[in-house]
Amino acid sequence: MPRQIIIIGGGVGGTVTANMLARQLRPHEAEITLIDSTGRHVYMPFWLYMPFNDSDPQSQLLVRDERTLLHQRVHLLIGQVEQIDVANHQVHVSQRSGLEPAGGKRKSVLVYDDLVLATGARLAFADLPGLEEGPGVWHHFYDTEGALRLRQALSTFPGGRIVIAVAGIPYRCPPAPLEFTFLLDDWLRQHCLREHTVIEYLYPLPRVFTIERVAEMVAPLLEEREIATRVFFMPEAIDQQRRVIRSLEGEEVPFDLLILVPPHRGAQVIEASGLGDSQGWIPTDRYTLQVKGQEHVYALGDATDLPVPKSGSAAHFEARVLARRLVAAIRGEALEGDEALYDGEVMCFLETGNRRATQLVFNYEHPPEPPRPSLFYHLEKQLLNHAYWYLIPQGLI
């Protein structure tokens, strides 16, 4: 009997893992099922640019049908995973069906031999008092709707005080708040609003970025752009009526427009199934990607508690290692050396404005040495934004 491999989540990690397994394993060795709640694959880095342009939210650069990205041997099941029962190797799924009454769902139970959790992260607005009131004077760009609302807010912004803040760590794509700040400065200058606007960047750590060497490179660039910075600022609440954001230490910063990186948590199904820590992140072995304390259960991408950025890049490199490990285990083959373990590899870009960017390449043992920002890295990132769909989901690089 072929092994039943179930992958939960159709983001970068889940899609790459599924495609690599389908290419390497024969039908009699494994059947591969990927479960996704929407059946739509979103290229999240595109959200960063949406507030500054007129791109269509249905653009092929942003979203595509997950089925079109998957190997033909991968079975795609579109439904909501309600429970993961690791004791019995079961996944409980609910699916909407045109045959059901309005609002009805069809429930099914799938049995697995190997389970891959690529359940991602979710925005936890209720974790910061003031956000649960809904968007008003604050905005974000961490989903399509948020990016579009922010675009509208900027289109009518007359000038004033803009505050960019990070509500807590970890969050998806660590460079994004800095990138947004630089791109915002560019946009305001292009629209003759910069001299009428004060920009302040707030960060919860003692520096402007999580990695010290990157912070040392970026801090002078912020100063050159006359962007004020305030570190050790951990938001406690937002007062929308008074238009202030307050820190845990009681410090208050006023704003006319607040752009916030919302609090993040692991997926609700991970919390509901008792597989996550207090924030819903899955305790994961940093080298093997096996869920700690569980056999034949693995995790990757934003869902884990690994000490790497929550990014598509990390998920991509993790997926390649995990696929190799699963293939070897199914065939009873031994893996040796670096190919058997994830070393924390990450590669991402950081836009610094003025059509310049730098590149961050690092792993567990070697911190990044970001090169001087240049047009070359900016163009390389733009190329990746277009080539992503043809290379990354298929695991071709």
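1. Basis. The model is predicted, and local features need pLDDT of at least 70, side-chain atom pairs count only at pLDDT 80 or more, while totals for chains, interfaces and linings use all residues. Residues are numbered from 1 along each chain as its sequence is written, and side-chain values use heavy atoms, with hydrogens and water left out.

2. Helix α1. Helices are DSSP runs of H or I with at least four residues, strands are runs of E with at least two, and both are numbered from the N terminus. Helix α1 covers residues 12-24, and its 13 residues reach 18 Å from first to last C-alpha, close to the 18 Å expected at 1.5 Å a residue (the expected span is 1.5 Å times one less than the number of residues). Of these 13 residues, 11 are buried, where buried means under 20% relative accessible area, exposed over 50% and partly exposed in between, with a 1.4 Å probe and protein chains only. Among the buried ones are V12, V16, M20 and L21, and their cover includes β1 (3-8), β2 (30-36), α6 (312-331) and α7 (375-391), contact being heavy atoms within 4.5 Å.

3. Helix α2. The 12 residues of α2 (residues 144-155) should span 16 Å, and the end C-alpha atoms are 17 Å apart, which agrees. Its buried residues include A147, L150, R151 and L154, and the buried residues of this helix pack against β11 (138-139), α3 (176-190) and β18 (257-261).

4. V297. This residue is found in strand β20 (residues 297-299) and is buried, with a relative accessible area of 1%. Leaving aside residues up to four places away in sequence, V297 touches V86, Y112, L115, L117, Q290 and V291. The C-alpha atom of V297 is also 6.0 Å from that of D114, although the two residues are 183 apart along the chain.

5. Second largest pocket. About 420 Å³ of space lies in this pocket. The lining comprises 26 residues, with T210, I211, P307, V308 and P309 nearest the centre. On a 1 Å grid over the protein atoms alone, a pocket is an open set of points where a 1.4 Å probe fits, with protein on both sides within 12 Å along at least five of seven lines, and lining residues have an atom within 4 Å of a point.

6. Cysteines. With a disulfide taken as a pair of cysteine sulfur atoms within 2.5 Å, the count comes to 0 disulfides. For C173, the nearest cysteine sulfur, that of C348, is 6.7 Å away. C173 counts as partly exposed at 31% relative accessibility, whereas C192 counts as exposed at 59%.

Note on methods:
Points joined across faces, edges and corners; volume = space filled by probe spheres on them.
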